[in-house]
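Please look over the structure below with its charged side chains in mind. The briefing that follows is meant to be read alongside it.

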Amino acid sequence: MNEQIVILDFGSQYTQVIARRIRECSVYSVILRYDTPVAEIKALKPSGIILSGGPCSVYDAEAPLPDRGVFKLGVPILGICFGTQLLAHFLGGKVERGQKREYGKGTLTVLDPTCDLFDGLPKSLQVWNSHGDKLTRAPRDFATVAATENSDYAVIEHRKKRFFGLQFHPEVVHTPRGREIISNFVHRVCGCGRDWTMRNYIDQAVEEIRKQVGNEHVILGLSGGVDSSVAAALIHKAVGDQLTCIFVNNGLLRSREAEVVQEVFGRNFKVRLQYENVAEAFLKRLKGVSEPERKRKIIGKTFIEIFEKATKRAGKAKFLAQGTLYPDVIESVPIAGNPAALIKSHHNVGGLPKNMKFQLVEPLKCLFKDEVRLLGLELGLPREIVYRQPFPGPGLAVRILGEVTRKRCDILRAADAIVVEEMKASDWYYKVWQSFAVFLPVKSVGVMGDERTYEDTIAIRIVESQDGMTADWVKLPYELLEKMSSRIVNEVNGVNRCVFDITSKPPGTIEWE
């Protein structure tokens with residue numbers, strides 16, 4: 001990376017949001033732990049450094065503190081919330097517990113409009129605060145740039161060193177002009193261009209993959225989801241037939257999933273695709289099993305066994321490729337009271353055993369989810385794959401309550417296909433997080449063609465979410481719900497009733513199991 005902004009993470013729940021905002025400025029950003037040695041930071045040749053917020057006070061006994069050498073690197077620094085308090089703590093200011101805590105919306109009054117951070121912005125801005133401590137004395141040689149109702153030092157600046165401190169959070173959507181403040185820091189203060197584009201990323205990634213892989217072979221477990229699909233397309237662009245993709249049809253896939261994957265990768269991209277149709281093996285092991293966790297474990301164990309055998313049939317390979325994303329590889333900072341401490345650390349996608357002697361190729365580990373989608377489009381993948389909604393690893397098994405059988409899979413697949421078709425036809429599909437059908441082994445009496453029926457139920461689940469951690473049910477037009485219900489009952493044998501799930505997460509989960 002020629003230009004990049006380094007973000008030191010002090011445990012803020014918004015650290016990844018800061019990284020995203022910088023990338024929206026077409027500049028690469030990287031998140032490092034707060035205690036990263038200054039020599040490692042210097043080696044990255046950052047154009048600027050951002051000190052994130054965090055849950056602690058700078059005076060706490062176990063407060064996370066950076067290497068003091070960070071302030072001597074000679075590059076611009078932007079402190080956000082706790083990061084501003086760090087500037088004061090290290091450079092001669094004073095931080096105290098405020099008489100009034102500042103949480104939520106506030107009004108920022110810009111006192112010095114010549115400050116580069118506020119170029120092109122009005123003198124009064126809505127901002128979002130989240131702090132109890134506040135500056136009561138600016139660090140040496142820092143000027144006060146802006147104030148809020150409860151903070152006389154809401155923004156401070158050392159113009160010569162190009163150090164800035166913001167007591168509020170410019171990265172969150174509740175600071176409407178915050179993106180412009182970050183852009184001013186990245187472009188005006190740090191002097192970064194706008195070179196972080198998917199086209200440039202592809203060229204760079206291809207070069208790195210070729211350098212890592214050399215003449216060796218790579219195996220990739222292709223699921224049909226966006227992450228593994230984009231990883232496959234990118235690696236294939238880099239090393240061609242040195243890549244073998246293994247697609248496991250476990251019988252628990254969505255409608256036409258196997259056909260679409262074979263069409264796109266086998267015929268269009270000409271990828272070496274090893275298709276494993278092992279539905280019978282999975283269904284046999286799931287026979288008579290109703291408990292959700294046991295179903296998941298059976299599916300996971302069976303997948304590993306089948307994938308291991310498949311890799312041996314694929315031939316000798318040194319590398320295993322995974323669609324690991326940036327949020328998966330960022331280590332959470334374990335600081336007391338830190339919401340981010342609960343976020344997963346890097347995980348081996350697919351749960352593959354350690355005794356599989358492969359070196360990992362993870363070409364997406366520098367990207368966020370929406371960046372991966374942009375990359376997929378740039379690589380020529382169809383929108384149908386790039387913007388597919390999330391699908392659980394155990395597949396339809398966790399959308400079938402009770403025992404998983406071939407008949408129930410067929411019923412659910414048909415009903416789910418109708419939900420997806422109608423969501424796409426009405427332009428709702430790409431507006432929501434997930435939309436799918438659930439099979440309920442709940443029989444009820446119905447009347448069809450003047451005859452009594454006694455058949456199963458399908459639940460329709462449509463939710464909106466940002467990250468899957470929380471979700472709300474979507475208020476779809478009645479006409480659309482009516483069409484889905486009518487088609488499912490009329491077209492799917494074995495179903496005579498549809499219900500609509502209006503449970504948010506929490507208290508419910510997105511998936512039923």
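The model is predicted, and it holds 31 salt bridges.

**Salt bridges within a helix**
- Glu24 and Arg21 join their side chains in a salt bridge with an N to O distance of 3.0 Å, and both residues lie in helix α1 (residues 15–24), three residues apart, or about one turn of the helix.
- Within this pair Arg21 is buried at 10% relative accessible area, whereas Glu24 is partly exposed at 35%.
- Both also belong to a network of salt bridges that links Arg20, Arg21, Glu24, Arg179 and Asp370.
- Arg199 forms a salt bridge with Asp203, with the closest N and O atoms 3.5 Å apart; because the two are four residues apart in helix α5 (residues 198–213), about one helical turn separates them.

**A salt bridge between helices**
- Lys483 forms a salt bridge with Glu422, the closest N and O atoms lying 3.7 Å apart.
- Lys483 lies in helix α14 (residues 478–491) and Glu422 in helix α13 (residues 406–425), so this pair ties together parts that are 61 residues apart in sequence.
- Lys483 counts as partly exposed at 47% relative accessibility, while Glu422 is buried at 7%.

**Positive surface patch**
- Arg68, Lys72, Lys94, Arg137, Arg140, Lys160 and Lys161 gather in a patch of positive charge on the surface.
- Lys160, in the loop between β8 (155–158) and β9 (163–166), is exposed with a relative accessible area of 78%.

**Surroundings of Ser183**
- Ser183, found in helix α4 (residues 178–189), counts as buried at 18% relative accessibility.
- Leaving aside neighbours within four places in sequence, Ser183 is in contact with Cys25, Arg188 and Arg194.

Terms used:
Residues numbered from 1 in each chain as written. Predicted model: local features only at pLDDT ≥ 70, side-chain atom pairs only at ≥ 80, totals over all residues. Heavy atoms only, no water. Buried < 20%, exposed > 50% of the residue type's maximum accessible area, 1.4 Å probe, protein only. Contact = heavy atoms within 4.5 Å. Patch = residues over 30% accessible without salt bridge, like charges linked within 9 Å, V, L, I, M, F, W, Y side chains within 5 Å. Areas by Shrake-Rupley, 256 points an atom, 1.4 Å probe, with all protein chains shown as cover. Salt bridge = Lys/Arg side-chain N within 4 Å of Asp/Glu carboxyl O. Lys, Arg positive; Asp, Glu negative; His and termini not counted. Charge placed at Lys NZ, Arg CZ, Asp CG, Glu CD.
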